[in-house]
Structures are given as C-alpha cells and as structure tokens.
Amino acid sequence: MAKDRFVKDMTKGTPYKLLLKFALPLFIGNIFQQFYNLVDSIVVGKFVGDNALGSIGTTNSLTFFFFSLMGGLSVGIGIIISQYFGANQKEKVKETIGTAVTVIGIASILVFALGFFLARPILTLMQTDKIILDDAVLYLRVIAIGSLGMGFYNGTSSILRGLGDSKSPLIFLIISSILNIGLDLLFVLVIPLGIMGVALGTVVAQYVSAILCITYAHRTNSFFRLEKKHFKPSKPIVARACRLGIPVALQSSMISFSLIVLQAIVNTYGAVFTTAFTIVGRIESLVQQPFMSLGAALASYTGQNIGAGRIDRVQKGFKSANVMNFIIAGVVVVIFWVFTQPIVSIFGNDAQTLGYAIDGLRITSLFYGFLGMIYPTRNVLNGAGDAAFSLYTGIVECIGRIVFTYPLTLIPFIGMYGVFYATGITWFLNGTFSYYRYRKGKWKKLSVINPRDKAQA
C-alpha cells in the first residue's frame, strides 16, 4: 500500500479549501457517531422506556468528566506532533507517538477506576431520581470498562490529525458507529439486556475501532513504524504534553463539573424534565458537529503553520472558519424554529416531555452564533500552544453555568427553563472571552517545540 498517502502538509495551499477538505471527513465521522447516539436514544426511549433514556442522560456530564483527562492529553500530543511535522522533525514525531502509548495507557486505567468505583456515590450526590438511579449506575460502570479502547482510539486519531490525516480515523469511526447500532438492536430487541445492552454495545464498538485504527495506521503510515527506542518515554515530551494537555483536561473537567451542577439542578425537577433535557442535549450534540469539525481542522492547521512560522496563514484560516460557522449557525436556527415539533418527536411519545424539549431547544438555539465562535478561537489558541487559555475558558464555563443557573430558575416567568437560558449565557461568555484572547495576540509568540529543533530541520 502507498506510504503516508493520507498525510497532508497544510502549510501550503488556500486556507479555506484546506480546512473544508480536512473538516469534511471529521464532520462525516462525527455525524455517524451522533447518528449512533440518536439511534441509541431512540431505541432506549421507544423500546426500554423514557426513564431509561433519562438514566443515560443523567450520566452524560459524568462520562464527559471522566474522559476529559484522556481527551486533554490527546489534544496535547496532537499539538506537539503537528508542530514537529510542520517543522519537518520526523524523528521527533515518532518519539512523541511512542511516548503517547505510555501516557494514554496510564490515563485510561485511571479513568476506568474513577468511573467504575465512584459511579453510585457521585450519582447519588447529584440527586439523581431514585427511579433512574440503579440504571444510571449500571450504565456508567459498563461504559467505564471501555475507557482503554476509547483512549487509544482518540489518541491515535489525534496523532493522525496532527499529521494532516482526517480520513483514516473516519473509516474506523464509521465501522464503529454501524457496529454500535447493530449491537444496540441485538442487545435490546433480540437479547433484552436493556440499559446494560446499550452500554455493552458501545464498549465493544470502542475496542474494535481502536484495534482497527492502530493496526491500519501501523501498516499504512511510516510515522507509526516505531522502533524499541521510540517507546522509551521522553521526559521533555511528557512535560510538554502535560503542559498542554493538563490545562485542556482541567478545562474539560471544569466544564464537566459545571454540567454536573447543571444536571443536579435539572434532576430536582423530576424524571420527565430530565428526559426532556436529555433530548435537547442529544440534538445539540448534533448541531455542534460542524463547529467541532472545523475547529479540529483549524487546530491541526494552526499547529503545522506555527511550526513552520506562518502566522499569516493562521490568521487567514481563523477568518475563514468563523465565516463558515456563522453561516451554519444562522441556517440551523431557522430550521429549529420551523421544524421543532417533528425533530423532538423522534425521541419519544410523552406529550409533556416533548413540550419541555421544544421550548428548551428554541431557547438555546438563539445563542448558536456564540456557540459557533467558541470553536475557531479555542482551536487556534490550542494549536498555537496557549495552554493557559484552556484553563481560563473552563473557569468562564463554570461561572456561566454555576452562577446563573439556579438564580434564573427562581425567576417566576422563567422557572425550570433557567437551565436552558444559563446554557446560552455560558456560550455567550465563552465565545466573547475566547475572541478577546485571540485578539490580544499572545498566541503569535508561542511555540510548543524547542527552537533548536526547528534550527536542526
């Protein structure tokens, strides 16, 4: 097979074309993944029950929290690789990949321990309704078993994206999503395992995608042809990965904590409203995919161009991504206000649940423009190595959700809908703060890799 056929140098070419070409496979992959999540929710809501859907929804913030450590480290490793690749330091790229194996393995084991052993105490602390508590605990514990598969798939994907390859991970994400849907139907409709079956299908699919992605990368990408020396953890690379990854992980953890607080407030309104909140969250996860895909493309694009010393190209790419995101946000808002009823109706049959979901979706959609601002700025700054920024945005998210949610619910004409308004306010704060950080320009003077490495290129 052709060597490195999907690796892409993004230091040359028209920025918006490169971003679109890179983002399209990411978007398709994310859509497949979200399509699985939608099917997952539909299968659970229609064939297991509304309470079962609520039990899965109440674990979303926790699973996001537990997996944020691996996600942050993967981001840090991807940034280092993209900058070394942009600086044409091939041996350093291999050294970083070898080091990543150890780092991701340790992080995955830690995530498993947290998710499996602390499931019940944390869900109880979150005031999870007793009707859905046992199912939520079971779901979270089974999902935790898949942490190693998720860690290595996400880590390998991040490395490939840093090398400009967004196509290879797509192949295995599609396979994983299709397999996941098939296993959901098998373990719910044929073998009636209920909540456990849904979680088990996810875990199996995660390990399959990880094994296939790593195997394929090793066979087709020369950077994955590692020697024994590459697996010896490099202290400087571990330090850089932690310097970049820990703030991102802390950011994700703080966002997760704010979501946990938000979920705890949602839970006080009962299982019906919890399910409606879950439906809105599922739909908005789909909405965020084009923003996230362009953002991920921009992170790799930024890393490579920072490594090559092309600040001007980074600025052009940032402008292109913002324009595309604002167009997407405007189109989605119109669709959601016109077709809200049929969109939410695919998740269940209960009229009260669907009524809450319709109102919530219309409220949050008004803030999609600010949501679209977050991803370009976040990924440019992360790609440049602005580690402190990640932590600051985590603080902003905490302020938005924790400070505003409960007081808004106390306003008589807002009530429980305050949780949706707080989400929109959080996007507004995060989007404007991120843009301000970008405009200050500190990121232009940053570089993750050692200047001596560039000089040796």
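Student: Starting with Gln127, what does it count as by relative accessibility?
Tutor: Gln127 counts as partly exposed, because its relative accessibility is 48%; keep in mind here and throughout that this is a predicted model.

Student: And where does Gln127 lie?
Tutor: Gln127 lies in the loop that runs between helix H5 (119–125) and helix H6 (130–145).

Student: What is the phi of Gln127?
Tutor: The phi of Gln127 is positive, at about 60 degrees, although the residue is not a glycine.

Student: Where is Asn88 found, then?
Tutor: Asn88 is found in the loop between H3 and H4, and at 49% relative accessibility it counts as partly exposed.

Student: Okay, switching to helix packing. At what angle do H4 and H7 pack?
Tutor: Helix H4 (residues 90–117) and helix H7 (residues 147–162) pack at an angle of about 150 degrees, and their axes are 9 Å apart. That makes the two helices roughly antiparallel, the cut-off for that word being an angle over 145 degrees.

Student: Which hand does the crossing of H4 and H7 have?
Tutor: The crossing of H4 and H7 is right-handed.

Student: Which residues of H4 and H7 meet?
Tutor: From H4 the residues are Ile97, Ala100, Val101, Ile104, Gly105, Ser108, Val111 and Phe112, and they meet Ser147, Leu148, Gly151, Phe152, Gly155 and Ile159 of H7. Sorted by class, this contact has 9 nonpolar and 5 polar residues, with no charged ones.

Student: How far apart are the axes of H11 and H12?
Tutor: The axes of H11 and H12 are 9 Å apart, and the helices pack at an angle of about 175 degrees, so H11 and H12 are roughly antiparallel to each other. Among the residues that make the contact are Ile283, Val287, Pro290, Phe291 and Leu294 of H11, together with Arg313, Val314, Gly317, Phe318 and Ala321 of H12.

Student: How does that contact of H11 with H12 look by class?
Tutor: By class, the contact of H11 with H12 has 17 nonpolar, 4 polar and 1 charged residues.

Student: While we're on H11, is Ser293 buried or exposed?
Tutor: Ser293, which has its place in helix H11, is buried, with a relative accessible area of 2%. If its neighbours within four places in sequence are left aside, Ser293 is in contact with Ala23, Leu26, Phe27 and Asn30.

Student: H1 and H9 next: at what angle do they pack?
Tutor: Helix H1 (residues 15–48) and helix H9 (residues 195–220) pack at an angle of about 165 degrees, with 11 Å between their axes, and they are therefore roughly antiparallel to each other. The crossing of H1 and H9 is right-handed.

Student: Which residues make the contact of H1 and H9?
Tutor: The contact is made by Tyr36, Asp40 and Val44 of H1 with Ile195, Val198 and Thr202 of H9, and these residues divide into 4 nonpolar, 1 polar and 1 charged.

Student: What about H14, how many residues has it?
Tutor: Helix H14 (residues 351–365) has 15 residues, and from its first C-alpha to its last it reaches 21 Å, close to the 21 Å expected at 1.5 Å a residue.

Student: Which residues in H14 are buried?
Tutor: The buried residues in H14 are Thr353, Leu354, Tyr356, Ala357, Ile358, Gly360, Leu361, Ile363, Thr364 and Ser365. They pack against several helices, including H11 (271–307), H12 (311–338) and H17 (418–440).

Student: In H17, is Arg437 buried or exposed?
Tutor: Arg437, found in helix H17, counts as buried because its relative accessibility is 11%, under the 20% cut-off. Not counting residues up to four places away in sequence, Arg437 touches Leu381, Asp386, Ala388, Phe389, Tyr392 and Lys442.

Student: Last one: what is Phe64 in contact with?
Tutor: Leaving aside its neighbours within four places in sequence, Phe64 is in contact with Ser252, Ile255, Ser256 and Leu259. The C-alpha atoms of Phe64 and Ile255 are separated by 8.8 Å, although the residues are 191 apart along the chain. Phe64 is found in helix H3 (residues 60–86) and counts as partly exposed, at 37% relative accessibility.

Terms used. Residues are numbered from 1 along each chain as its sequence is written. This is a predicted model: local features need pLDDT of at least 70, side-chain atom pairs count only at pLDDT 80 or more; totals for chains, interfaces and linings use all residues. Side-chain values use heavy atoms; hydrogens and water are left out. Axes are lines fitted to C-alpha atoms, for helices over the stretch in contact, and angles run from 0 to 180 degrees between N-to-C directions. Helices (H or I, at least four residues) and strands (E, at least two) are DSSP runs, numbered from the N terminus. Angles under 35 degrees count as roughly parallel, over 145 as roughly antiparallel, 65 to 115 as roughly perpendicular and the rest as oblique. A crossing is left-handed if the near helix is turned anticlockwise from the far one by less than a right angle, and right-handed if clockwise. Contact means heavy atoms within 4.5 Å. Ala, Val, Leu, Ile, Met, Phe, Trp, Tyr, Cys and Pro count as nonpolar, Asp, Glu, Lys and Arg as charged, and the others, Gly among them, as polar. The expected span of a helix is 1.5 Å times one less than its number of residues. Buried means under 20% relative accessible area, exposed over 50%, partly exposed in between (1.4 Å probe, protein chains only).
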